[in-house]
Every structure is written in C-alpha cells, then in structure tokens.
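Student: I have never looked at this protein before. Could you take me through it, one question at a time?

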Amino acid sequence: MWSYRHQNFTVHQLPALKDNYIYLIDLHNSEILIAVDPAEAVSISNFCTERDVRLTHIINTHHHWDHTDGNKALKEKFNTQVIGAADDAHRIPAIDIT
C-alpha cells in the first residue's frame, strides 16, 4: 500500500485481486472515508479495522465486477452509501445514489 497526503485528504492505494488497485480517499478532519472501485471487501475491511475507521461511501466508476465486487459486503458491514453513474445503475450492485 502507498499513501499520498494532500492538504485536505489522503489517498491510499490498496492492492486487490492479482492486478488491480482500490483507492481510499480519507478526508481530513472528518469521518468520511471513500472507496473508489472496491474490487474486493477484505482489504478495505482490514484497513478500517487496523485504523478504527468506518467506510462511509463507495464510488463506482463503472459496473465491471473487478470494480464492484466488494459493494454488497462493504455496504452490509459499514452501512455504506454506494454511488455510481445513472446509466449504469442497473448493473452496479447495491447502488444507492446515481
């Protein structure tokens, strides 16, 4: 994992599957933690447990399974809001907001 700290947020890159990445955006001075394209739930769950934080949002850039496979498990565990494109809503698991 690598992290890049910006003035108002930190981006964490977590390896996923064999050749993919999940990005977490941690907004400073808030309780907001956003996952972008969670290919799997386990690495995000481990990150949250290790840091005692809660995932609040998921943003899916598109519907492919290697970008959405963690949606349902993460939503169940953290009561996370899932956000995605309206045109892809019927193919994004557990979507809440378009």
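Student: At roughly what angle do the axes of α1 and α3 cross?

Tutor: Helices (H or I, at least four residues) and strands (E, at least two) are DSSP runs, numbered from the N terminus. Axes are lines fitted to C-alpha atoms, for helices over the stretch in contact, and angles run from 0 to 180 degrees between N-to-C directions. The axes of α1 and α3 come within 10 Å, and they cross at roughly 25°.

Student: What does that make α1 relative to α3: roughly parallel or roughly antiparallel?

Tutor: Angles under 35 degrees count as roughly parallel, over 145 as roughly antiparallel, 65 to 115 as roughly perpendicular and the rest as oblique. The crossing is at roughly 25°, so α1 and α3 are roughly parallel.

Student: Which residues of α3 make the contact?

Tutor: Contact here means heavy atoms within 4.5 Å. On the α1 side, the residues are I44, S45, C48 and T49. On the α3 side, they are L74, K77 and F78.

Student: What kind of model am I looking at?

Tutor: Residues are numbered from 1 along each chain as its sequence is written, and side-chain values use heavy atoms, with hydrogens and water left out. Local features need pLDDT of at least 70, side-chain atom pairs count only at pLDDT 80 or more, and totals for chains, interfaces and linings use all residues, for this is a predicted model.

Student: Good to know! Which strands stand at the edges of the sheet?

Tutor: Two strands pair if DSSP finds at least two bridges between them. Here 6 strands form an open sheet with mixed pairing, in the order β1-β2-β3-β4-β5-β6. Two of them have a single partner strand each, so one side of each is left without a neighbour in the sheet: these are β1 (2-5) and β6 (81-83).

Student: In which sense do β4 and β5 pair, parallel or antiparallel?

Tutor: Strand β5 covers residues 57-59 and is joined to β4 over 3 bridges. A35 stands opposite I58 in β5. The sense of the β4 and β5 pairing is parallel.

Student: Over how many bridges do β2 and β3 pair?

Tutor: β2 and β3 form a hairpin with 3 residues between them. F9 stands opposite L27 in β3. The two strands run in the antiparallel sense, and the count of bridges is 8. 

Student: And over how many bridges do β1 and β2 pair?

Tutor: Another hairpin joins β1 to β2, through 3 residues. Y4 stands opposite V11 in β2. This pairing is also antiparallel, and its number of bridges is 4.

Student: Why is β2 described as largely enclosed by the rest of the structure?

Tutor: Buried means under 20% relative accessible area, exposed over 50%, and partly exposed in between (1.4 Å probe, protein chains only). β2 is largely enclosed because, of its 8 residues, the number buried is 6.

Student: Is D37 buried or exposed?

Tutor: D37 is found in the loop between β4 and α1. Its phi is near 55°, a positive value in a residue other than glycine. At a relative accessible area of 8%, D37 is buried.
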